[in-house]
Amino acid sequence: MKRLIAAFLAAFVLLLPTMAAAIDIKQITTPLGIKAWLVEDKSTPVIALSFSFVGGTASDPAGFSGATDLMANLLTDGAGTLGAQAFRQRQEDAAASLGFSASLDRMNGSLRVLSANRDEGFELLRLAMVEPRFEPTMIEQRRAQTIASLNQAAQRPASVAGRTLMTTLFAGHPYAADPEGTREDLTKITADLLKKRAAAVLLRNGVTIAAVGDITEAELARQIDRTFGSLPVGTSPALPPQWEPPTKPRTVVVERPVPQSAMLMALPGIARDDPDWYAALVMNHVLGGGGQQSRLFNEVREKRGLAYSVSSGLRTYKRAALLVVQTGSANERVAEAIRVIKAEMVRLRNDGVTEQELTDAKTYLSGALALSLDSSSAIAALLHSMQIDGLSPDHLTRRAALIAAVKLEDVRKVARRLLRDEALTTVVVGKPVGIASDP
């Protein structure tokens, strides 16, 4: 099976230059000066929009954590003269899907609508951003849902591990705060505060837009100006300070009466614009990002049966980056799982990867992106992420070559740089045998 997958991806990679060239990214500037990327696609009568604003949950006002997340959830709960139910009905009638969410650094939005209904779809988007209602009943409903979500997360070991990792790594930094907020802060958030937060974040000059689908450059420019042109111009929320990574190892155990512990191990990662990014991508794939092809899967699950799943991944934020390993193991076997994971990090740091691992990783990474582009929304999201990462429109045609250029020594170098014992933070939630929190 592994050989079949490798052969398929190798053949698929040969088609990538042609596919990338077919994604013709046009950069447009509207009469109001708003910039956007567009890929015209007449194959389906759909328009997909992916956009975001500077200012995420890390810039929540002091004492009001969760304000940005709550505000984002409420934008589609009624706007203009439309109450929540009427707004949802208008979306259904227009076959439009509209949503907002908040991440640490940005507030994100998306629109998907039939091209025949584009005027209605973009008008609903305009209403949501420019004339949100923030009705008291909907605020209370969303507030209750968020608090219920926080309560449920507090009962799930994996969720507790995730939050504990962030509060441990980013102690004293805005990234430490739960994006959904705290129960205490949520109860203090008023409609007036939500309106002020929307006014501070939803700025015309702070928006990044990508569009894919059945729409021309001129028509998209018209729709963007009509939709986003009513937003105010101002100064976006300030970015948080740069993160200072830990300089010594730390283990944190959160006791929970469960038979299996959830575990996260994190190291300072690598920025998206770092010259070693693609070497790190290959290294991570070999370590734990390659699923059943990875070393961690083979050593932790296949050989020893210590966990059902184990993986690693690179996380990037505007002011920080992480490499995170996640798994879960029976309480009495957690210590062994940790030892095996650490040993694989040491082996990769000291010896690097093999020629075969390098070849397999580069083949997979070159082909996997194109395989994921299965809809207009997926392509729009990719274009948007490229914009946020500061990549040029021709990046898709160059990506395969950048991956192919990674050499064995590049992977060894980045492994020595990232896989450092002295910077490792380990969080375990459960009742692990033989593991205790550092004093």
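The radius of gyration used here is taken over C-alpha atoms, and the globule rule is 2.2 Å times the number of residues to the power 0.38. For the 439 residues of this protein, that rule gives a value near 22 Å for a compact globule, and the protein has 23 Å, which agrees. Keep in mind that you are looking at a predicted model.

Along the principal axes, the C-alpha atoms fill a box of roughly 60 × 55 × 35 Å. Within the protein there are 17 helices and 11 strands. Buried residues make up 51% of the 439 residues. Of the contacts with a separation of 6 or more, 82% are between residues 24 or more positions apart.

Now for the charges. Side chains of opposite charge can pair when their charged atoms come close. The protein has 50 positive and 46 negative charges, and their mean positions are 3 Å apart. The count of salt bridges comes to 34.

One of them joins Arg-222 and Asp-119, with the closest N and O atoms 3.2 Å apart. Arg-222 belongs to helix 10 and Asp-119 to helix 5, so this pair ties together parts that are 103 residues apart in sequence.

Lys-196 and Asp-192 also form a salt bridge, at 3.4 Å from N to O. Both lie in helix 9, 4 residues apart, about one turn of the helix.

Asp-276 pairs with Lys-413 in another salt bridge, at 3.5 Å between the closest N and O atoms. This pair links distant parts of the chain, 137 residues apart: Asp-276 sits in the loop between strand 8 and helix 11, and Lys-413 in helix 17. Asp-276 counts as buried at 15% relative accessibility, whereas Lys-413 counts as partly exposed at 42%.

Conventions. Residues numbered from 1 in each chain as written. Predicted model: local features only at pLDDT ≥ 70, side-chain atom pairs only at ≥ 80, totals over all residues. Heavy atoms only, no water. Helix = DSSP H or I, 4+ residues; strand = E, 2+ residues; numbered from the N terminus. Buried < 20%, exposed > 50% of the residue type's maximum accessible area, 1.4 Å probe, protein only. Contact = heavy atoms within 4.5 Å. Lys, Arg positive; Asp, Glu negative; His and termini not counted. Charge placed at Lys NZ, Arg CZ, Asp CG, Glu CD. Salt bridge = Lys/Arg side-chain N within 4 Å of Asp/Glu carboxyl O.
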